[in-house]
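Here's a friendly walk through a protein model for someone meeting it for the first time. Have a look at it before reading on.

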Amino acid sequence: RFRRAAMNYSMPAAPSAALGLSLLRDIDTYVAAARERAALVSQVDAWVGATDGVSWVRPEGPGYGCVALPAGTDDVAFVERLHEEHGVMMVPGCLWESPGSVRLSWLQCDAPSLQTGLARLGDAVAQVR
């Protein structure tokens, strides 16, 4: 399978194989970290449930979801203001064919950072309600 992937994705075989082998040696560490981050969905789910004006369909897969903003919210203007006023960067839902929402990801952060980001996101949501 690796050889076929190398052919299909034009990956240089030797460097890719070396990288793959180094990752496989520590696979348990990577799997544990991925499971820990995926479990953060519960933290996001609790925030959505406690925040007036937002909703989502809890994702089946790990790492990211789409949060619907209060009705009538311009998602592009919202994420621009969110970044300028609260220091939080998000992707507007219109880029994912879901205007009026934002894409939220928790794969690259720890629980305290996510909690801080959600609090700031909640402050921004409260400003538009």
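## Before we start

This is a predicted model, where local features need pLDDT of at least 70, side-chain atom pairs count only at pLDDT 80 or more, and totals for chains, interfaces and linings use all residues. Residues are numbered from 1 along each chain as its sequence is written, and side-chain values use heavy atoms, with hydrogens and water left out.

## The sheet

Let's begin with the strands (DSSP runs of E, at least two residues, numbered from the N terminus). Three of them form an open sheet in the order 1-3-2, with antiparallel pairing. Strand 1 (64-68) and strand 2 (91-92) are at the edges with a single partner strand each, so one side of each has no neighbour in the sheet.

Strands count as paired if DSSP finds at least two bridges between them. Strand 2 and strand 3 (residues 101-105) pair in the antiparallel sense over two bridges. V91, for instance, has R103 in strand 3 as its bridge partner.

## S101, tucked into strand 3

S101 sits in strand 3. Its relative accessibility is 2%, so S101 counts as buried (under 20% relative accessible area; exposed is over 50% and partly exposed is in between, with a 1.4 Å probe and protein chains only).

Who does S101 touch? Leaving out residues up to four places away in sequence, its contacts (heavy atoms within 4.5 Å) are C66, V67, A68, L69, D75, V91, P92 and G93. The side chain of S101 also reaches the backbone oxygen of S98, at 2.5 Å.

## Q43, in helix 4

Now for a helix (a DSSP run of H or I, at least four residues). Q43 belongs to helix 4 (residues 41-50). Is Q43 buried or exposed? With a relative accessible area of 19%, Q43 is buried.

Beyond its neighbours within four places in sequence, Q43 is in contact with A111, L114, Q115 and L118. With A111 there's a further detail: the side chain of Q43 reaches the backbone oxygen of A111 at 3.3 Å.

Helix 2 (13-25) and helix 3 (27-38) each supply at least two residues of a nonpolar patch, and helix 2 gives the largest share, with four residues. L23 is located in helix 2, and L23 is partly exposed because its relative accessibility is 37%.

Note on methods:
A polar contact is a pair of N or O atoms within 3.5 Å; within protein, one must be able to donate a hydrogen and the other to accept it, and residues adjacent in sequence count only if both atoms are side-chain atoms.
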